[in-house]
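Here are my notes on this one, written for someone who will have the model open while reading.

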Amino acid sequence: MARRRTSEDVSHDDGDASATDAVAREREPEFAARRPARSTADAEGSAATSVPDARKPPAERGSGAEAGKRPVASDADTRESPAVPGGDAEDEDDAAGSEAVESAASRTARRRGVPRTLALTLASALVWGIAHLAAGRRIAGALLMGLFAVLVAGGIIAGVALRRELLQDRIAVRPDWQAGIAVAALVLGLVWVTVVIRSYQVLQPAGRSLGARTAGRAAVGVLCLLVACPHVWAAHSAYVYRDAFTSIFRPTGESGHRPVDQKNPWEGHSRVNILLLGGDAAGNRTGVRTDSMTLASVDTETGGTVLLSLPRNLESFPMPPGPARSRFPSGFTGDGPQNPGLLNEVYEYAENHPEVVPGTPKGRRGPELIKGTVSEILGQPIDYYILVDMFGFADLIDAMGGVRLKIEQPIPYGERGDVLQAGDRRLTGKEALWYGRSRNNSDDYTRMGRQKCLLRAVAQQADPQRVLTRFNRLARAAKRTISTDIPPDLLRPLIDLSAKVKEGAEIESLQFVPPLIHTGNPDLALIRRLSARAVAASERRATATPTPAGSPATTRTARPSSARTSDPSPTASPSTASPSTPTSLDETCPS
């Protein structure tokens, strides 16, 4: 058995160790003389290896006792494994350099990511789904591309299917379609903007600076604005047009007319008669004076038109049967000394005296009484009326961009001595208004002739492209300017009919002015006879030269002879115009 150590053994060991230490201290100079010299760097390296690494975790460094028991490296060990000068500093520099390079590369990638993100967002604004596919979201990208393809294909198919409707402006006469277009435009615009925003979000790189995020969001905001503007404009235009349309054209039930059969809108009627009224509501007048009154009798097959015009200062004319004739059995005599009983006073009289047109609301009493009165004078039925305020007419001309007219001689107008100079001119709204209103150096009857030429020029120059480019202005001007009792259901057939008129159908004019008639005491029998003759001649031309289906009536025949009746008016010949014979506006209006 091993003998147990005693206290004496321990004391003896301590004494041996002390003796050994003393000998070592005594011989230290001898060892130092024989040891080779080392460089300061080696010494520092050796010292570094002999010192525990304070940077290591405590688990690696060990406890203090264990550190104290570690053997000190001998000189041989030091020489065999010399420390690398500055090794730890170089490691730290390499790590810092790697971090800097990585940071610079990350910043460069982020900078390059912003233009790429915006480019792909722009591409997705043009074709939905591109950004989602680039971001690896294949299902969402495929769905968006499919939806976009369906929308594009649907638009093309609708455009082809409705091409005829669009070219003939038939959609413009459907308030329900106009409301649908406004809603569809807004919904499509909202969806499109949502796609743009979401496309940017799925591509947005992480860790960008505040400036990069702000710039990217600002660019996407501008892109969304560009995408939304066309849709908002389309919706706004549809709303403005619908508002103007429903304000001008009352539903069929409210207008008091029968429903219109779209398959047979004219129901065998060979002509449609529309009374065209030009109202002058100048600031120095009370109410509306109808200074221009023309009945347009249009052939429903060919578009051939006869304009029958009455002067504003016609007197001693009969009133239509009913309360108005009961009040004025011998003819209209006016309303007081300031109103001598001229034809242009009838409209305002009816508005101020509801008892002469019982059961008719204000605003419609005047049109109803003037329609009945003009019908009684001409001996022609009147189906509808259109009233255009003359000052609002100037707004319409401006909205069209002006109207081209040839003025044969200077026309003075206004109180400041302004003059419309002779020549080929593009007139503004104000100038066109005075062209049709001025009586300086002329009279009412010369002015009536200029009004017909102005109407002809407007009808010829109101092309669809010009209307579309000035759409909102025209709609607002029309809302302020025009009133009518034409039912909306009849507008499509009237558009077809107006196309025939514009494309070459004959337009003739017959004015009942001196010397043909005496305005103070007109020959009503002569007026009715000449009116009937002019309409019958237009119908004979339509029968003699029928228009092929789908083609405009452009063939012109000789004017009707006035010799077929026994009235005292002079006869007409192809080369000599007679006051009792309708004349073509192509001949009477300079071009």
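Which residues of α21 are buried? Leu491, Arg492, Pro493, Leu494 and Leu497 are the buried residues of α21, where buried means under 20% relative accessible area, exposed means over 50%, and partly exposed is in between (1.4 Å probe, protein chains only). Before the rest, a word on the ground rules.

1. Ground rules. This is a predicted model, with local features needing pLDDT of at least 70 and side-chain atom pairs counting only at pLDDT 80 or more, while totals for chains, interfaces and linings use all residues. Residues are numbered from 1 along each chain as its sequence is written, and side-chain values use heavy atoms, with hydrogens and water left out.

2. The chain overall. The chain has 23 helices and 11 strands; helices (H or I, at least four residues) and strands (E, at least two) are DSSP runs, numbered from the N terminus. Of the 591 residues in the chain, 39% are buried. The accessible surface comes to about 32800 Å², and carbon and sulfur atoms account for 57% of that (Shrake-Rupley method, 1.4 Å probe; for residues, only the protein chains shown count as cover). Take the contacts between residues at least 6 apart in sequence: 67% of them join residues at least 24 apart. Contact here means heavy atoms within 4.5 Å.

3. Back to α21. This helix covers residues 491-502, and its 12 residues reach 16 Å from first C-alpha to last, close to the 16 Å expected at 1.5 Å a residue. The expected span is 1.5 Å times one less than the number of residues. After α21 comes Gly504, with a positive phi near 135°.

4. Helix α15. Have a look at residues 365-378: the 14 residues of α15 should span 20 Å at 1.5 Å a residue, and the end C-alpha atoms are 20 Å apart, which agrees. α15 is mostly covered, with 11 of its 14 residues buried. Among them are Arg365 and Lys371, along with Leu369, Ile370, Val374, Ile377 and Leu378.

5. α16 against α18. Two packed helices are described by the angle between their axes and the distance between the axes. For α16 (residues 390-400) and α18 (residues 444-461), the axes come within 12 Å and cross at roughly 35°. Axes are lines fitted to C-alpha atoms, for helices over the stretch in contact, and angles run from 0 to 180 degrees between N-to-C directions. The crossing of α16 and α18 is left-handed, that is, the near helix is turned anticlockwise from the far one by less than a right angle (clockwise would be right-handed). Phe393, Ile397 and Met400 of α16 make the contact with Leu454, Val458 and Gln461 of α18. Those residues divide into five nonpolar, one polar and no charged; Ala, Val, Leu, Ile, Met, Phe, Trp, Tyr, Cys and Pro count as nonpolar, Asp, Glu, Lys and Arg as charged, and the others, Gly among them, as polar.

6. More on α18. Its 18 residues reach 26 Å from first C-alpha to last, close to the 26 Å expected at 1.5 Å a residue. α18 is largely enclosed by the rest of the structure, because 13 of its 18 residues are buried. Asp444 lies in this helix, and it counts as buried because its relative accessibility is 9%. Asp444 touches Arg312, Asn313 and Arg439, leaving aside residues up to four places away in sequence. The C-alpha atoms of Asp444 and Pro311 are separated by 7.4 Å, although the two residues are 133 residues apart along the chain.

7. A buried arginine. Arg437 is found in α17 (residues 429-437). Why does Arg437 count as buried? Because its relative accessibility is 16%. Arg437 touches Asp280, Met390, Phe391 and Arg447, again not counting residues up to four places away in sequence.

8. Loops worth checking. Most residues other than glycine have a negative phi, and most peptide bonds are trans. Ser316, in the loop between β3 (305-310) and α13 (323-327), has a positive phi near 55°. Ser316 is partly exposed, with a relative accessible area of 39%. The peptide bond from Pro514 to Pro515 is cis, with omega near 5°, and Pro515 lies in the loop between β10 (507-511) and α22 (524-544).

9. One last pair. Asn521 also lies in the loop between β10 and α22, and it is exposed, with a relative accessible area of 58%. Asn521 and Glu315 are 206 residues apart in sequence and 6.4 Å apart in space, C-alpha to C-alpha.
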